[in-house]
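This report covers selected helix packing, backbone and aromatic features of the structure displayed next. Please keep the sequence and the coordinates at hand while reading.

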Amino acid sequence: MHNFIEDYIESQARAILKSPYADIEEFCNMLMDARNAGKRIFFAGNGGSAATASHFTNDLVKGLSPGNVKRFKAFSLVDQVPVITALANDYDYSVIFSEQLKNYAQKDDLLVVISGSGNSPNVVKACEYAAEVGMKTAALTGRDGGKLKTLCDLAVIAPHDGMEQIEDIHMLWEHCTICALRNIIDSEV
């Protein structure tokens, strides 16, 4: 067990050091641009990526907004359980995010999708709808980026093929992004 734990953590450390720093910086800029323009930011994902979507929303709304004149208008599309289950049951699971966007999203809002494979049908459909209405899109993904690599304005791809490892990297990037944004916001005062 010790060897497995050591190998896992050391492998993750090597993968993290291969992070696409310029893409993460561009992602931070997209979030700040949305905040500064008063635009909405929507997050979506499945499973562990849904948890990251909720975490991101929490950190933007609670962690970076109170006490600031300009606030992040962030929404997690994964936290609407009654809406999600009704849409999945009555229509199809692939529309659970795009149908919510139809109620709330406007041109130049930002959609952030999180998918280890980059191919989850519901996040792909959400990005396709976002393009139709002129939203900006960013994806946190892994492996080869999947469909999201070419579908989104920005795809930040974790340098790993394992799902757990991709999710680990996405959470590290989430906290890195929040800390970087806090640094920018603190310098505005």
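Arginine 143 is located in the loop that runs between β4 (136-141) and α7 (148-151), where helices (H or I, at least four residues) and strands (E, at least two) are DSSP runs numbered from the N terminus. The model is a predicted one, in which local features need pLDDT of at least 70 and side-chain atom pairs count only at pLDDT 80 or more, whereas totals for chains, interfaces and linings use all residues. Residues are numbered from 1 along each chain as its sequence is written, and side-chain values use heavy atoms, with hydrogens and water left out.

**Backbone: two positive phi values**

Most residues other than glycine have a negative phi. Arginine 143, which is not a glycine, has a positive phi near 55°. With a relative accessibility of 38%, arginine 143 counts as partly exposed; on this scale, buried means under 20% relative accessible area, exposed means over 50%, and partly exposed lies in between, with a 1.4 Å probe and protein chains only. Aspartate 108 is likewise not a glycine and has a positive phi of about 70°. The loop that holds aspartate 108 lies between α5 (98-104) and β3 (110-115), and at 27% relative accessibility aspartate 108 counts as partly exposed.

| Helix pair | Angle | Axis distance |
|---|---|---|
| α1 and α8 | about 55° | 11 Å |
| α2 and α8 | about 50° | 10 Å |
| α3 and α8 | roughly 10° | within 10 Å |

Angles under 35 degrees count as roughly parallel, over 145 as roughly antiparallel, 65 to 115 as roughly perpendicular, and the rest as oblique.

Helix α1 (residues 2-16) and helix α8 (residues 163-188) pack at an angle of about 55°, which makes α1 oblique to α8. The crossing of α1 past α8 is right-handed, a term that applies if the near helix is turned clockwise from the far one, while a left-handed crossing has the near helix turned anticlockwise by less than a right angle. On the α1 side, Tyr8, Gln12, Ala15 and Ile16 meet Glu164, Gln165, Asp168, Ile169 and Leu172 of α8, contact meaning heavy atoms within 4.5 Å. By class, this contact of α1 with α8 has 5 nonpolar, 2 polar and 2 charged residues, where Ala, Val, Leu, Ile, Met, Phe, Trp, Tyr, Cys and Pro count as nonpolar, Asp, Glu, Lys and Arg as charged, and the others, Gly among them, as polar.

For α2 and α8, the angle of about 50° makes α2 oblique to α8, and α2 passes α8 in a right-handed crossing. The residues of α2 that meet α8 include Ile24, Phe27, Cys28 and Leu31, and their counterparts in α8 include Trp173, Thr177, Ala180 and Leu181. This contact of α2 with α8 divides into 10 nonpolar, 2 polar and 2 charged residues.

The axes of α3 and α8 cross at roughly 10°, and the two helices are therefore roughly parallel to each other. Among the contact residues are Gly48, Ser49, Thr52 and Phe56 of α3 and Glu167, Met171, Thr177 and Leu181 of α8. The residues of this contact of α3 with α8 divide into 5 nonpolar, 7 polar and 4 charged.

**Aromatic pairs**

The structure holds 4 aromatic pairs, with rings of Phe, Tyr and Trp (its six-membered ring) pairing if their centres lie within 6.5 Å, and with planes under 30 degrees apart counting as stacked, over 60 as edge-to-face and the rest as tilted. The rings of phenylalanine 4 and tyrosine 8 have centres 6.3 Å apart and planes at 35°, so this pair is tilted. Both residues of the pair, phenylalanine 4 and tyrosine 8, lie in helix α1, 4 residues apart, which is about one turn of the helix. Phenylalanine 4 is exposed, with a relative accessible area of 59%, whereas tyrosine 8 is partly exposed at 24%.

Phenylalanine 43 and phenylalanine 56 form a stacked pair, 5.0 Å centre to centre and with 15° between the planes. Phenylalanine 43 belongs to strand β1 (residues 40-45) and phenylalanine 56 to helix α3 (residues 48-63), so the pair ties together parts that are 13 residues apart in sequence. Both phenylalanine 43 and phenylalanine 56 are buried, and ring pairs link Phe27, Phe43 and Phe56 into a cluster.

Definitions and conventions:
Axes fitted to C-alpha atoms, helices over the stretch in contact; angles between N-to-C directions.
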